Amino acid sequence: MFCPTDPLLYPSLKKRRKTENITLDTNFNLRLFNTTDTSQVMAINRSCLPENYNQAFYLMLYYRFPKTFIVASASDTVVGYIMCRIELGLSEMQRFNLIKKGHIVSLAVLPEYRGKGLGKGLVSNALKGMLGYGAKESYLEVRLSNLAAISLYEKLNFNVVRTRRSYYKDGEDAFVMARKVP
Ligand SMILES: CC(C)(COP(=O)(O)OP(=O)(O)OC[C@H]1O[C@@H](n2cnc3c(N)ncnc32)[C@H](O)[C@@H]1OP(=O)(O)O)[C@@H](O)C(=O)NCCC(=O)NCCS
């Protein structure tokens, strides 16, 4: 059974180690979000992404889906986060199949902490959280120009399943990428 406090799922990364073939850097910790992280997570979101949300939105995702709201921290400082939503809807991968899907709503790592495996670690742990809610698939939208994020998702076995035209407010298209869970 999924357990959000399982140290195997949320390892303290004091030593360089591999988790599910993902090499994670030293001195970082992946743990579940708690409400005292809200202002730091919001600040990371505003500095890294043009898609921003009000505080109520973060708290709603936390209260409804705490297993898939995860932060990366260095000491007491939050340096990255992922937050997701579980939805009942049509499969992105099989036609006419109604399933639970884990939607990656937002993911970001502060620039100075990138390239250390935190993005992969956040997504990988969110996928485990989705499993805890019975999700069969995970999906997300990503800008066509966001090559770093597309590469990250491909490394975690997400595939482009369709394009959403003018998905973003500035008119840019989005790839919808999806994979099975687990
Ligand atoms: C996308 C993002 C979360 C990646 O975080 P990260 O901690 O640097 O990611 P990782 O270190 O785990 O890298 C994972 C993979 O991503 C890809 N990647 C990361 N940075 C990259 C870059 N600058 N160029 C190309 N690929 C890159 C690589 O495939 C990398 O795998 P590798 O280490 O085997 O080469 C981070 O760049 C970010 O916060 N970007 C701004 C916000 C954003 O775009 N969020 C996603 C919206 S859909």
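This is a predicted model: local features need pLDDT of at least 70, side-chain atom pairs count only at pLDDT 80 or more; totals for chains, interfaces and linings use all residues.
1. Overall layout. The chain is built from 4 helices and 10 strands, and, read from the N terminus, these elements follow the order β-β-β-β-α-α-β-β-β-α-β-α-β-β. Of the 182 residues in the chain, 34% count as buried. Among the contacts between residues at least 6 apart in sequence, 63% join residues at least 24 apart.

2. The shell around the ligand comprises 21 residues, of which Arg114, Gly119, Ala148, Ser151 and Leu152 come nearest. Two or more residues of this shell are given by each of strand 7 (98-109), helix 3 (118-132), strand 8 (137-143) and helix 4 (147-155). Helix 4 gives the most, with 6 residues. Sorted by class, the shell holds 12 nonpolar, 5 polar and 4 charged residues.

3. The β-α-β unit. Three of the elements named for the ligand shell, strand 7, helix 3 and strand 8, together make a right-handed β-α-β unit. Within that unit, strand 7 and strand 8 run parallel and are joined by 3 bridges; Lys101 has Glu137, in strand 8, as its bridge partner.

4. Strand 9 by contrast. Strand 9 and strand 10 pair over 5 bridges, again in the antiparallel sense, and here Thr163 has Phe175 of strand 10 as its bridge partner. Of the 6 residues of strand 9 (residues 159-164), the number buried is 0, so strand 9 lies largely in the open.

5. Met177. Leaving aside residues within four places in sequence, Met177 is in contact with Tyr139, Leu140, Val142, Tyr153, Phe158, Asn159, Val160 and Val161. The C-alpha atoms of Met177 and Glu154 are 8.7 Å apart in space, although the two residues are 23 apart in sequence.

6. Nonpolar side chains tend to be buried together in soluble globular proteins. In this model the largest nonpolar core has 39 residues, and those with the most contacts inside it are Ile70, Ala72, Tyr81, Ile82, Leu122, Ala126 and Met177. Strand 6 (residues 77-90) gives the most to this core, with 7 residues. Not counting residues up to four places away in sequence, Tyr81 touches Phe33, Val41, Ile44, Ile70, Val71 and Ala108.

7. Asn27. Asn27 is found in the loop between strand 3 (22-24) and strand 4 (28-32), where, with 13 other C-beta atoms within 10 Å, Asn27 is partly exposed. The C-alpha atoms of Asn27 and Ala74 are separated by 6.3 Å, while the residues themselves stand 47 apart along the chain.

8. Backbone geometry to inspect. Most residues other than glycine have a negative phi, and most peptide bonds are trans. Against that background, Asn157, in the loop between helix 4 and strand 9, has a positive phi near 70°, and Ser166, in the loop between strand 9 and strand 10, has a positive phi near 50°. Both residues count as exposed: Asn157 has 12 C-beta neighbours inside 10 Å, and Ser166 has 10. Which two residues are joined by a cis peptide bond? They are Val181 and Pro182, with omega at about 5°; Pro182 is placed in the segment after strand 10.

Methods: Residues are numbered from 1 along each chain as its sequence is written. A residue is near a molecule or strand if its C-beta atom, placed from the backbone, lies within 6 Å of it. Ala, Val, Leu, Ile, Met, Phe, Trp, Tyr, Cys and Pro count as nonpolar, Asp, Glu, Lys and Arg as charged, and the others, Gly among them, as polar. A residue is buried if 20 or more other C-beta atoms lie within 10 Å of its own, exposed if 12 or fewer, and partly exposed in between; C-beta atoms are placed from the backbone. Two residues are in contact if their C-beta atoms, placed from the backbone, lie within 7 Å. Two strands pair if DSSP finds at least two bridges between them. A crossover is right-handed if, with the strands pointing away from the viewer, the path from the first strand over the helix to the second runs clockwise. A nonpolar core is a set of buried Ala, Val, Leu, Ile, Met, Phe, Trp, Tyr and Cys residues joined through C-beta atoms within 7 Å.
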